[in-house]
Amino acid sequence: MFQSTRRRLALWYTIVTAVLLFLFATGVYLYVRSTLIERIDDTLKHVIEVVNRSIVIQPTANSNVNYRINLEASFRHNPDAVEDDRIDLEWFNPDQQLLWWTFSEPLTVPLHPNRISETVYLSDNRILRQLTKKIEVNHQILGYLRVSHPWFEVTKPIHQLTRDLAIGISLMVLSVAGIGWWLSGIAIEPVRNSYSSLKQFTADASHELRNPIATIQTNVQMALAYPEAEPQLQQRQLKVIERLTQRLGRLVNDLLFLARSDSGIVQTNFEPVPLDALLIEVIEEQKTLAEQKNIFLSVHLIEPNLKSDLSCEEVFTVPGDWNQLARLFTNLIANAIEHTKTETNSEDYRPAIEVELQQIKRPAKLKVRRNYSDSPRSFALQIKVKDNGNGIPESALPHIFDRFYRADPSHSHNRDLENATGAGLGLAIAKAIVENHQGQITVESVVNQGTTFTVILPQD
């Protein structure tokens, strides 16, 4: 499919360019040809003016004809030497009879007094450009002067130009075909990647939806097959169905959030958000889950040592959406709790998760589109979520924020349905929220030592 699209794109590039080049070449051809013809016509007009000034006109005693032309005095005899580019003259009397010429042999071309200039084809190899001038004195026509110039001064450069244009256009079309194939490959690559991502995303979403739906269907079928089963068994089945429907609801909400984020239609209500209070609230919510796994969960607020005009209440305040930021840190902390080891033979090991908040100089690469205060601030808040858990393999770090990606699929059966996501979307949502707040998120990890997620949010 993509190769066919690429071929069509390259073909259209080539066809459009060929048509444009053909139109350009046609314009150049017509312009050069008309310019050469104008040059010849100007030369012929100049010759006619010179000859007209040299014509000897004599009065006559005839009452009907007052003037006549002295041919012997006006024109010289035709020389024997003939050059390719010579201009030949012909003189016709008022009755359009040829009286004098410079050709080696008189032409059989009839005189056309009403045509100022014309192109005469004597043979395939002999073409002339002719200009005719009526000579008259006091409204008396004395005769007609026809001047002829060889056409090769037009055909020779025109043939050369046509050959050069044909070669140039052919080379250009071939070059455009190659460049079009290359550019179409570049243009189709994002589409190919998007299609592959969409295909993988659809497959992963179908897999995540298939398992809970199948489990719900099995429990419903069992309940229908054994309507007289013990109430306790039916109660357990209903609880399983409830948990699975909650999981499906969370999955659908997460997918909807990511779809809206990709489309840029996420409703974000920016307001001053005290991150210290928000982190304390999130930790309080996650403390029960951490205590169940015997994990020590803490928050560390680092006092700022940067000089600023911010009050104590504004030091840890950022513009943002409270609900989205709460979801961001809930996902990060829940992810850390899930992947923190709780059983080990080492006596020195103590499972712990620490959330660290401090004010830093805003990195130059952070782009800010909104003003939080009247004067722009050059500060940002850095939040680190550290754990001493299983760690993430180095090969998995580039994909850790991909949707439905799990660095260690063996932990899938241990996932808690009460977590924020439970389907491999938590970190993808976290990244989307950070980008929506014009921040950045990075991860550092060492296998069997722990992982640190770092979030930087601008304060303006």
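Start by selecting R129 and D41: both are buried (buried means under 20% relative accessible area, exposed over 50%, and partly exposed in between, with a 1.4 Å probe and protein chains only). This is a predicted model, in which local features need pLDDT of at least 70, side-chain atom pairs count only at pLDDT 80 or more, and totals for chains, interfaces and linings use all residues. Residues are numbered from 1 along each chain as its sequence is written, and side-chain values use heavy atoms, with hydrogens and water left out.

**Stop 1: the salt bridges**

Keep R129 and D41 on screen and show their side chains. The two form a salt bridge, with the closest N and O atoms 3.0 Å apart (a salt bridge is a side-chain nitrogen of Lys or Arg within 4 Å of a carboxyl oxygen of Asp or Glu). R129 lies in strand β6 (residues 127-137) and D41 in helix α1, so this pair ties together parts that are 88 residues apart in sequence. Helices (H or I, at least four residues) and strands (E, at least two) are DSSP runs, numbered from the N terminus. Side chains of opposite charge can pair when their charged atoms come close.

Next, pick E90 and R146. Their side chains meet in a salt bridge at 2.7 Å, N to O. This pair links distant parts of the chain, with E90 in strand β3 (residues 88-92) and R146 in strand β7 (residues 140-150), 56 residues apart. Both E90 and R146 are buried.

Now go to K386 and E356, whose side chains meet in a salt bridge at 3.4 Å, N to O. Here K386 sits in strand β12 (residues 379-387) and E356 in strand β11 (residues 352-361), 30 residues apart. Are these two buried or partly exposed? K386 counts as partly exposed at 28% relative accessibility, while E356 is buried, with a relative accessible area of 10%.

**Stop 2: along helix α1**

Select residues 2-54, which make up helix α1, and find V16 in it. V16 is partly exposed, with a relative accessible area of 43%.

Draw a line from A25 to G168: they are 143 residues apart in sequence and 9.6 Å apart in space, C-alpha to C-alpha. Then try V51, another residue of helix α1. V51 is buried, with a relative accessible area of 11%, and its C-alpha is 9.3 Å from that of L89, 38 residues away in sequence.

**Stop 3: the cavity**

Finish by selecting V318, P319, L325, H437, L457 and P458, which line the largest cavity. On a 1 Å grid over the protein atoms alone, a cavity is a set of points where a 1.4 Å probe fits but cannot get out, and lining residues have an atom within 4 Å of a point. The volume of the largest cavity is about 30 Å³. Which strands each supply at least two residues of its lining? They are β10 (317-320) and β14 (450-458).

Note on methods: On a 1 Å grid over the protein atoms alone, a cavity is a set of points where a 1.4 Å probe fits but cannot get out, and a pocket is an open set with protein on both sides within 12 Å along at least five of seven lines; lining residues have an atom within 4 Å of a point. Grid points are joined across faces, edges and corners, and a volume is the space filled by probe spheres set on the points.
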